[in-house]
Amino acid sequence: MNLLTVENISKSFGELVLFENLSFGVNKDQKIALIAKNGTGKTSILKMLSGSDKPDTGQVSYRKGIRVSFLEQEPEMDPDLTIEETIFASDNEVLKVIASYEKALANPDDQDAYQEAFEGMEHHQAWDFETQYKQILFKLKLEDLDVKVGLLSGGQQKRLALANALINKPELLILDEPTNHLDLEMIEWLELYFAKENMTLFMVTHDRFFLERVCNEIIELDNGKLYPYKGNYSYYLEKKEARIEQEAVEHHKTKILFKKELTWMRRQPKARTTKSKSRIDDFTAIKEKASQRRKEHEIQLEINMQRVGSKILELHKISKAYPNLPILDKFEYTFLKGERIGIIGKNGTGKSTFLNILTGADQPDSGKVIKGETIKFGYYTQKGIEIKKGQKVIDVIREFGDYIPLMKGRQISAQQLLERFLFDRKKSYDFVEKLSGGERKRLYLCTILIQNPNFLILDEPTNDLDIVTLNVLESFLLDFPGCIIVVSHDRYFMDKIVDHLFVFRGNAVVEDFPGNYSDYRAYEDSSAIEIRVGKEKAKEKSKELNAAKNTWKKEDKGNKLSYSEQQEYKKLEKEIKKLEFKKGEIEEQFVTGDLSVDEITELSKNLSEINVGIETKTERWFELSAIME
């Protein structure tokens, strides 16, 4: 069943043509992602779908009567309303049904109106609306419903807007960067929610893990054309590569044909027959096709950055806390050459504060940060670039540097760096205020890199960047010879770039995990399974002990054990139960996750000793049981 039809839409801004004559449709149960470079029209298409903008030509039409919700990238909400008031102020059909029902209750004489309102409540399952919206808000960590929107962080406001969209139970949900400003826990919850809910999705997102796990179709806008792929992100990558290879073959054939037709044209055929006129007309199309080139950039730089000395960065007993919010407690670490560290953790656990302490933008309450004399930080923050009216793109980057030195005396100019990050020469001389949000983030990244740092610190560098730019950034970072610290919710990006993780658990607990994000998730999942299996085994063993004990009590077999053996038997039962209880307590501590590395080591040692004790005592218990039989 078709829910949305887009026919021959076009959009231009002055001389800039974003796209022309694009057509596609969205059918029930499809989960579609739109992929394109920043500045090529993704946001414009979403605005047309939401009705906040109109195409220059063509039309967008929805199936009559369907419920549609739209999640904006930067939601606008009344800062003076509370979280709960925002829910009730939304354009939600269920709220209209509830209002009609309350009106009908106030006029009991109108039985027809009451019956219609009652049936509306039944149809929309509106009786449990309060329970439903509170469940979603609590899942999204918005428990205090009386907090005003103006006091919420950007991430909390995004979650509230997401809650509003989900509570509407739309048949079609349109999402613009739904994972921006969400922590990993929230993103994974959203993946599971979309997997189980019968909801049609159309989204723009740069989160490639999210694409892989949620979407069943991808539409790519490339060089003004749409290419559909009936599969997830892995399928898209495979088929796109095959498409580009095929295009290269066809382009080669077209160039050969162009040369042949050019030779014919130069002969200046005198007989202007219908056939020759048609061939001349075709020549123009062949020439245009032969002249087309793909603008693909691969970053392969041998950066000649400032020499890194033996001392890089040392943290000695760093502590930091805000009222009722401990961030670090005597944290120690010595950075090594070429380290690539990822930082993960829930929002509010102190990740950005930690980066500010490293760079000196914030000071610890106690402890020392010792920076090597040769270290030059490049710090990409979430604030982005400060826009100056009338400033051009090339002027922004030249404020920070004119070139990056490469090996063997070569260098890369500011203009060349911009080109590598997908700003062509024409775009380089555009005014900064004309850039899209993603393009501004890309420019900000270039201003960091042109300074030739040897220690890169990137705080959420992937927010608002398109997938093409992310691939370029990843290529650059893989070639980067210095140290890298990355805070990111982009799991695909983290897997590709980092070697190990600092896991911020909250309450000043920071763990050093040896592996990337996928390794960490596999470890966490296996630990949870081991704990569950351990508990189940403990229950089964306890049942066996109780069953054997009851049998022993029923049967008169005391004469087969000496008095001391009978006492030992009883004592073993009590000791095994105590050890099982201690084991359960330790396993529960592992589940909570609020542990330091030293505490985990100590608890693991204790757990191992307890397991040995249980095994030894249980074996002796079975020996005595066998004598009694």
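## Strands and their pairing

Two strands are said to pair if DSSP finds at least two bridges between them. Strands (E, at least two residues) and helices (H or I, at least four residues) are DSSP runs, numbered from the N terminus. The model is predicted, so local features need pLDDT of at least 70 and side-chain atom pairs count only at pLDDT 80 or more, while totals for chains, interfaces and linings use all residues. Residues are numbered from 1 along each chain as its sequence is written, and side-chain values use heavy atoms, without hydrogens and water.

## The three-stranded sheet

An open, antiparallel sheet is built from three strands in the order E11-E10-E13. Strands E11 (325-334) and E13 (366-371) stand at the edges with a single partner strand each, so one side of each has no neighbour in the sheet. From one strand to the next, the twist averages 20°; such angles run from 0 to 180 degrees between N-to-C directions, and axes are lines fitted to C-alpha atoms, for helices over the stretch in contact.

Strand E10 (residues 313-322) pairs with E13 over five bridges in the antiparallel sense. Within this region, His316 stands opposite Lys368 in E13. Helix H11 (residues 351-359) packs on the sheet and touches E10, E11 and E13, where contact means heavy atoms within 4.5 Å. The direction of H11 makes about 135° with that of E10.

## Helices H5 and H6

Helix H5 (residues 129-139) and helix H6 (residues 154-167) have axes that come within 10 Å and cross at roughly 145°. Phe129, Tyr133, Ile136 and Leu137 of H5 meet Leu160, Ala163, Leu166 and Ile167 of H6.
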